Number of protein chains: 4
Amino acid sequence: MSDASHDARRRYSYLGPAGTFTEAALKQVPEAAGQEWCPVANLGEALDDVITGCSDAAMIAIENSIDGGVTVAQDALATISGLRIIGEYLVPVRFVLVARPGTKLEDVGVVAAHPVAYGQCRAWLDDQIPRHRHLPATSNVQAAVDLVAADSSVDAAIAPPGIEEHYDVEVLAEGIAENPDAVTRFVLVGRTAPVAPPTGADKTSLIVELPEDRSGALLELLEQFAARGVNLTLLASRPIGDRMGRYRFVIDAEGHVMDERVADALLGVKRYSPRVVFLGSYPRADRVAATTRRVHDDETFRDARDWLRGVIEGTPDGDA
Amino acid sequence: MSDASHDARRRYSYLGPAGTFTEAALKQVPEAAGQEWCPVANLGEALDDVITGCSDAAMIAIENSIDGGVTVAQDALATISGLRIIGEYLVPVRFVLVARPGTKLEDVGVVAAHPVAYGQCRAWLDDQIPRHRHLPATSNVQAAVDLVAADSSVDAAIAPPGIEEHYDVEVLAEGIAENPDAVTRFVLVGRTAPVAPPTGADKTSLIVELPEDRSGALLELLEQFAARGVNLTLLASRPIGDRMGRYRFVIDAEGHVMDERVADALLGVKRYSPRVVFLGSYPRADRVAATTRRVHDDETFRDARDWLRGVIEGTPDGDA
Amino acid sequence: MSDASHDARRRYSYLGPAGTFTEAALKQVPEAAGQEWCPVANLGEALDDVITGCSDAAMIAIENSIDGGVTVAQDALATISGLRIIGEYLVPVRFVLVARPGTKLEDVGVVAAHPVAYGQCRAWLDDQIPRHRHLPATSNVQAAVDLVAADSSVDAAIAPPGIEEHYDVEVLAEGIAENPDAVTRFVLVGRTAPVAPPTGADKTSLIVELPEDRSGALLELLEQFAARGVNLTLLASRPIGDRMGRYRFVIDAEGHVMDERVADALLGVKRYSPRVVFLGSYPRADRVAATTRRVHDDETFRDARDWLRGVIEGTPDGDA
Amino acid sequence: MSDASHDARRRYSYLGPAGTFTEAALKQVPEAAGQEWCPVANLGEALDDVITGCSDAAMIAIENSIDGGVTVAQDALATISGLRIIGEYLVPVRFVLVARPGTKLEDVGVVAAHPVAYGQCRAWLDDQIPRHRHLPATSNVQAAVDLVAADSSVDAAIAPPGIEEHYDVEVLAEGIAENPDAVTRFVLVGRTAPVAPPTGADKTSLIVELPEDRSGALLELLEQFAARGVNLTLLASRPIGDRMGRYRFVIDAEGHVMDERVADALLGVKRYSPRVVFLGSYPRADRVAATTRRVHDDETFRDARDWLRGVIEGTPDGDA
């Protein structure tokens, strides 16, 4: 297990089997090329691999997920400690309908599909195969795997494009998802380590719990960011789970924890919140730099600190 | 179909089969007693029944759902027009593990379960049956139904307590869900109609889209409520779905649309938002009245309007 | 006193004598031309004339005052009921130094001046007449009047340009005020009467007391305006006078009380504040229309009310 | 001038002559006892004495002033650099009416009084001496001085209690001011020097200009304080003077610049404002400690900084 080849290569876990959108995300990571890729059955395994040191990183779907993502992943990052997001990747969401070779569209009765994929393709299915029935599958690729199994009661499956290269299936229809512009956002997750320096186009992810005893608490939380000119690209509420009406918030903020305005906002959030989980500062998938006004520049923050020091020390014209 | 007995009885759709948590919610509705109850296969059918007039109302899970709820239901209410929430009900969430009679815990390999129910019980399963495999089911009761089917490859199923009264199964373990205090919130949904008058302990549900072009837009939305002393009991973000980063918000506010402060907040929200869906004002399941300060009382609102009228008309001492 | 000629003509009180900046403001009122003008000795007399019905209106300095204005006038409007501002006028502030004919600058020892005028001209005096002494006068014109009195111990006086047309004085220097762009803002005050309709470029003046028991009260007050897109052109704090630390605020807001956004802001302020005095909505001196966004238009307010009515009545598509 | 005795003693300037409220304030300063006290004619001289080093400190009225204070003093502190407030003192405001020995109330025609004192006593004068005339004086004590001058045309003067011990006058009436609880707030002003450490019950004074180009700018300024739980005990607007509608704000905040929450608020204000003048942190006259919530404690600020450092360095459980 600990032979030289293992030591030399990095190991990446991802939701398999080969052909998933998650694998497509992992293909976008230059550092992962030529390293060991380990397909796993679900999110829990992927994160366990990282926590235990079995893998160096795991690629997981985090938003608008197709392969089981979003809330499960958000809740996992909120509750499992020792993890850090180190990269972000976008994968376009496209679906094809596949069947065993020779099957015709009019023969299709039972369609296997991951529930989220099914939701995205339901309008097309209702229109084209009004009498179809849906059989839930655990992943989009698994639906295709089930399809070709010997004893399958499934007639067709919803799967990612390219699935026909991996499995003995035929494409009955392409582009069957409702929204042609849909993408899934993936994050690469490693173990807690020093934050990599800013690239100029970064994102910072947090989980924040609100103090219980105050209405308007979310308003105050948002003001911590707004007051420093820090835009949020994601704000999702998740029940904490101990009782109805208690939420934590999953937050993606523009900028890097080493940007003065982000650091200052995080200090404000930390003072205010009973629990903050810092999930990481990492380069944005879209490489778009945050737009800030001069008042929120690093230099403005440093000038203000210099001024305050002068004021306290009684430097002449410290108030100019 | 349109015989007298049908006309005379109200019809309620709910996620079946008998024994689901949804049926337990419907049992809490006094008006539904003795009326026609219609089990359906999924949320879409339930809402279709209401829209088409086939049913008078549908009971659906809306938050912390076990039977498929939350996001699917929220998105359905956000996009299907002509619906109104008319009641709210809470059902405690408990699970049992059931099997065919004679099965022992150590024999269990494959466990059928709705994915959300599986998530709630996974800690117990990992501890007690470490080698188990999960087979997703479309509802908690359907898992039990599948279990007793002739050709079943399933060994056990996660189901609601009392399932053994409906099906030929044996309870292997009780109380296997992680959180003993968990509840699911259900809403009763009818067609759009005049809002029923306030009861003094009401809730108002909305779907609100944010204007695209402004950071801090959510902050402004929340201020519409905070400025009128209207507390929110739910704020959930949902992707609008047209592209990454665009959200709508599912909001439950304390109070009734005929309460002055709520009406005023809704006016503010409506002016501000490109799209607001009013989902209804209805009695709260917990019967807790909103706590407000005098500044947000109906009387204070009326006094202010009287004052303003006097000011414009030039009434002496209108400014007292 | 009640003869026909009195009945037929309107009467205007102003701080005299002839030649004051207040008279210059009154000359800007088209309706006042050819009517009866009544010079008075101080602000109290001017407002008493209006309250008692002796005059129809009084011109008073309200901001950046030279002739005794600002705080005294603000406090008077805050505490005397039955008054309304009906117009606003701007008068450029210029000063000349005058003396008895034959006096040379180097002979000047004692300079009579209203204290505020003295403050504006002090830099010039300190530079040109370093050894001068200041004798306070009750008005700028009174200083000149005192100068020409038989037994005067005054050598020179600060007065408005044109004073030499009214009194036997000689101008020693012109443009002696520090700020060549200074203006004084005057308001025309009448008795409480129905508000005149909007002109499209209006201002609304208020006096607002803050609730005692809450820090952040001013913040909440300002949010009432900001939330409706109502800009403030003046916000001045004045001690209420009952004890240290209690303030009322003198507020000028852009827009007219019949503009929906201003009316809504006033309703918010009225609900919130223990005491609001509406001083009037009147045309702006600078004729600049308020810039508003569509979200704060009258039409947007009306649309929102229509929507809310439809929502309560259950109109189909009321939520579109 | 520079003899040993001068070097050894501290010198305090104050608005004289002896008997003024300003002298009463100076008597409250323990360190000033036995030192050199220098009466001056006006605020400008008092501050000049400090700037030039002629005096070590000057006592000046700053709020609800009787002896010429408030706005003139606020504007002086806003524009003269090199000054610091080092102490705060409260003096009750009481007035007596005095006259030359033998004068009766019914003989009084002309009343000399500082305009502010006159305003406070006007209700009493209007009631008791309806036909009186007011002659403005430069200070309350000067009014009494003028009264006893050989060639005086003055019949009575408004002056502070105890004036009869300094001048040959008789008290005609006591307690003639409208508000028996009125106080004047004085500050002791020295040259810029290192800030003295916190006492636990301190105040911090600032002058802040707002950025020109943004409505809602004051709202943002106030939020800098509110977001850190820093209460304001004074917020006064003063025209900057360059043109109508531009204001600076005179701010007194609870707490000391070395309190973390105050320092953080000042950093926020400094980043935001085009010009901030720090006037000093000094013990409060009323010795009342600021009430803060735990979220704004020094310790909370330090904990947040420690957390952020751990987060950046990747310390395990830095997110706990």
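Visitor: How many residues of domain 1 of chain A are in contact with domain 3 of chain A?
Guide: Keep in mind that this is a predicted model. The domain assignment of chain A puts domain 1 at 1-92 + 183-193 and domain 3 at 195-320. On the domain 3 side, 15 residues take part in the contact, and on the domain 1 side the number is 13.

Visitor: Which element gives the most to the side of domain 1 of chain A that touches domain 3 of chain A?
Guide: The elements of chain A that give two or more residues to that side are α4 (71-79) and β4 (83-92). By class, the residues there divide into six nonpolar, three polar and four charged. The one that gives the most, with seven residues, is β4(A).

Visitor: How many strands are there in chain A?
Guide: Chain A has 320 residues, and 50% of them count as buried. Its C-alpha trace spans about 90 × 55 × 35 Å along the principal axes. As for its elements, there are nine helices, and the number of strands is 14.

Visitor: Which helix gives the most to the side of chain D that touches chain A?
Guide: Between these chains, 34 residues of chain D are in contact with 34 residues of chain A. On the chain D side, α8 (260-272), β14 (275-283) and α9 (298-313) each supply at least two residues. That side has 21 nonpolar, six polar and seven charged residues. With nine residues, the one that gives the most is α9(D).

Visitor: How many of the 13 residues of α8(D) are buried?
Guide: This helix reaches 18 Å from its first C-alpha to its last, close to the 18 Å expected at 1.5 Å a residue. Its cover includes α9 (298-313) of chain A, together with β11 (202-209), α7 (217-226), β13 (247-254), β14 and α9 of chain D. Among the buried residues of α8(D) are D:L266, D:L267 and D:Y272. The helix is mostly covered, and the number of buried residues is twelve.

Visitor: How far apart are the closest C-alpha atoms of chain A and chain C?
Guide: No contact joins chain A and chain C. Chain B and chain D do not touch either, and their nearest C-alpha atoms are 13 Å apart. For chain A and chain C, the distance is 13 Å.

Visitor: How many residues are in the largest nonpolar core?
Guide: In soluble globular proteins, nonpolar side chains tend to be buried together. Among the members that touch the most others here are A:I60, B:I60, C:I60 and D:I60. Another core, of 34 residues, lies apart from it and includes D:A99 and D:I158. The number of residues in the largest core is 301.

Definitions and conventions: Residues are numbered from 1 along each chain as its sequence is written. Chains are lettered from A and ligands numbered from 1 in the order in which they are written. This is a predicted model: local features need pLDDT of at least 70, side-chain atom pairs count only at pLDDT 80 or more; totals for chains, interfaces and linings use all residues. A nonpolar core is a set of buried Ala, Val, Leu, Ile, Met, Phe, Trp, Tyr and Cys residues joined through C-beta atoms within 7 Å. A residue is buried if 20 or more other C-beta atoms lie within 10 Å of its own, exposed if 12 or fewer, and partly exposed in between; C-beta atoms are placed from the backbone. Domain bounds come from an automatic or database domain assignment. Two residues are in contact if their C-beta atoms, placed from the backbone, lie within 7 Å. Helices (H or I, at least four residues) and strands (E, at least two) are DSSP runs, numbered from the N terminus. Ala, Val, Leu, Ile, Met, Phe, Trp, Tyr, Cys and Pro count as nonpolar, Asp, Glu, Lys and Arg as charged, and the others, Gly among them, as polar. The expected span of a helix is 1.5 Å times one less than its number of residues.
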